[in-house]
Amino acid sequence: MSPLQEQLTALAGVFQAAALVNKLAHTGQVSDAALSYMLQTLLVRNPASTIDVYGGDDLGLNEGYKLMQAILERNNDNLPRESLRYVVGMLSLEKQFARRDDLLEIAGKRLPQIEQQVELYGLSSDNIAASFGGLYQDTISTFKQRIQVHGDMRFLQQDATAAKVRALLFAGIRSARLWRQLGGRRWHLLTKRSSMLNELRARHL
């Protein structure tokens, strides 16, 4: 993969999380496969390559790629504004998280414990979503900035749905961290928009 392709893969992870959060908020449901695909990225340590973070392929990022393309194409008639707001929020919160060694230490201690729970319950179980969601509350939710998720309150008020939303936001922030480690910057969405769109159109959509 070229450096741009690696950056797009990581950024697609952020957009994928945003798309799934939006779907959960409005329907109360995402597939177990989609949820597991994103949550497993939180448990990957010392990956050999960018794609290894996503289990060896980017097939589970298709919605993220499509959402990214739609936003970069700036089609105002069909612009997914809520999902874009979630993306911007995750990119911003990742930068704050990266500066907090104390919170990174909490995550570093808790993630191996969650990994042990996964062996018992499986990645898509409500127990695991609750554990990731709890970690999100103890770290990311301590910042003044919060991501306000809008949707159907019948679903958002359910503990299981709220936990999945937080878990997915945490996974999106993990992808945002990877994107920044690969050299990605928010202003690239403006200055590299054309080359990003060309790559997306050629490779995925």
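This is a predicted model: local features need pLDDT of at least 70, side-chain atom pairs count only at pLDDT 80 or more; totals for chains, interfaces and linings use all residues.

Residues are numbered from 1 along each chain as its sequence is written, and side-chain values use heavy atoms, leaving out hydrogens and water.

Q: Why is the pair of Y37 and Y54 called stacked?
A: Rings of Phe, Tyr and Trp (its six-membered ring) pair if their centres lie within 6.5 Å; planes under 30 degrees apart count as stacked, over 60 as edge-to-face and the rest as tilted. Here the centres are 6.5 Å apart and the planes sit at 20 degrees, so Y37 and Y54 are stacked.

Q: What makes the pair of Y136 and F170 edge-to-face?
A: Their planes are at 85 degrees, with the centres 6.3 Å apart, so the pair gets that name.

Q: Why is Y136 called buried?
A: Buried means under 20% relative accessible area, exposed over 50%, partly exposed in between (1.4 Å probe, protein chains only). Y136 has 5%, so it's buried. F170 has 4%, so F170 is buried too.

Q: How do you know that the buried residues of α10 are on the same side?
A: Those residues are M196, L197, E199 and L200. They cover an arc of only 165 degrees around the axis (taken from the directions from the helix axis to the C-beta atoms), so they share a side of α10. Helices here are DSSP runs (H or I, at least four residues), numbered from the N terminus.

Notes
Helices (H or I, at least four residues) and strands (E, at least two) are DSSP runs, numbered from the N terminus.
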